[in-house]
Amino acid sequence: MQTIKQFSKIVDSHTLIVTALALVVVFLCRQLDFLVDLPTTLIGIAVVFPLVFSINSAYKRREDALQAFASLKANGVALVFAHREWPEEAIDHSARAIDLLGRLLTAVPHHFTSNGHEQSQTKQQIYAIFAEYSRSHEQLRAAGVPANEISRANQYLRQLIIEFERMNNIASYRTPRALRAYSRLFLNLFPLLFGPYFAYISYPEHPLAGYVVAAIYSLVLV
């Protein structure tokens, strides 16, 4: 039951439209006696190879982005510990670091879910948080934290900026637009272009087979 429920999530109006069009094409080809034995290797050459490349590329980008986000969080937590452990006076600097980290982890996802002018604004907000981190380190210096420890804290801050920019690049430079357009075009066209082939494999002994195969191809490709 769970498998059927998950499967139903991938069937949307787009899938139904392409499937319906493919079945109509098969019907017309049978009526017009337009039967052609097309090479199925064409699907592999024109669709499968570019699609596999796109999927692998997208999966790698996802893993790289998750690794960068995990590193950003880890360095942020390290700065919280630094603010808590290094000062020798009674002032609680850790509360300031916890607030900065919470604001950063809220602003970063918001940045990647926004677009256009709003995205440029969220990027400025994130860099404003980085600037507050830098000023916070100067407060630690004033509280008596040694220069070498301040330098280490700045290295953590540098790593925060690097990981954010790494995620930013992953989001900005995606799969080549032409390759995505090519894949999308042929994924939608092939169930229709292979209508004569689906009519051919079912004619005349098994008339329903062509419709079944056309529906399966449409579901798989779309």
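I began with Arg103, which is partly exposed at a relative accessible area of 32%. My cut-offs put buried under 20% relative accessible area, exposed over 50% and partly exposed in between (1.4 Å probe, protein chains only). This is a predicted model, where local features need pLDDT of at least 70, side-chain atom pairs count only at pLDDT 80 or more, and totals for chains, interfaces and linings use all residues. Residues are numbered from 1 along each chain as its sequence is written, and side-chain values use heavy atoms, with hydrogens and water left out.

I then looked for a partner of Arg103. Its side chain meets that of Asp99 in a salt bridge, 3.4 Å from N to O. The term stands for a side-chain nitrogen of Lys or Arg within 4 Å of a carboxyl oxygen of Asp or Glu. Asp99 is partly exposed, at 41% relative accessibility. Arg103 and Asp99 are four residues apart in helix α4, so about one helical turn separates them. I take helices (H or I, at least four residues) as DSSP runs, numbered from the N terminus.

**Other salt bridges**

How many salt bridges does a search of the whole structure find? The search returns nine.

I looked up Arg141 next. Arg141 forms a salt bridge with Glu138, with the closest N and O atoms 3.1 Å apart. Both residues lie in helix α5 (residues 117–142), three residues apart, about one turn of the helix. Arg141 is partly exposed at 38% relative accessible area. Glu138 is partly exposed too, at 40%. I also noted a network: salt bridges that share partners join Asp99, Arg103 and Glu132.

Arg62 counts as partly exposed at 48% relative accessibility. Glu63 is partly exposed with 32%. I also checked Arg62 against Asp92, 30 residues apart along the chain: their C-alpha atoms are separated by 38 Å.

**Surface patches**

Which residues gather in a patch of positive charge on the surface? I found Arg174, Arg177, Arg180 and Arg184. For patches I use residues with over 30% relative accessible area and no salt bridge; like charges are joined within 9 Å, nonpolar side chains (Val, Leu, Ile, Met, Phe, Trp, Tyr) within 5 Å. Lys and Arg count as positive, Asp and Glu as negative, and His and the chain ends are not counted. I place each charge at NZ of Lys, CZ of Arg, CG of Asp or CD of Glu. Of the patch members I looked up Arg177. It is in helix α7 (residues 177–193). Arg177 is exposed, with a relative accessible area of 70%.

A nonpolar surface patch is made by Val24, Phe27, Leu28, Leu32 and Phe34, and covers about 510 Å². Accessible areas come from the Shrake-Rupley method with a 1.4 Å probe; for residues, only the protein chains shown count as cover. I located Phe34 in the loop between α2 (13–31) and α3. Phe34 is partly exposed at 45% relative accessible area.

**A backbone angle in the loop**

Asp33 is also found in the loop between α2 and α3. I read its phi as positive, about 55°, although Asp33 is not a glycine. Most residues other than glycine have a negative phi. Asp33 counts as partly exposed at 49% relative accessibility.

Ser94 lies in helix α4 (residues 94–113). Ser94 counts as buried, at 10% relative accessibility. Which residues does Ser94 contact, leaving aside neighbours within four places in sequence? I listed Val80, His83 and Arg84. Contact means heavy atoms within 4.5 Å.

Ile150 is in helix α6 (residues 147–172). Ile150 is buried, with a relative accessible area of 0%. Leaving aside neighbours within four places in sequence, Ile150 is in contact with His137, Leu140, Arg141 and Val145. I also took its spacing to Ala82: 68 residues apart in sequence, 9.2 Å apart in space, C-alpha to C-alpha.

Gln124 lies in helix α5. At 57% relative accessibility, I logged Gln124 as exposed. Gln124 and Tyr173 are 49 residues apart in sequence and 20 Å apart in space, C-alpha to C-alpha.

Conventions
Helices (H or I, at least four residues) and strands (E, at least two) are DSSP runs, numbered from the N terminus.
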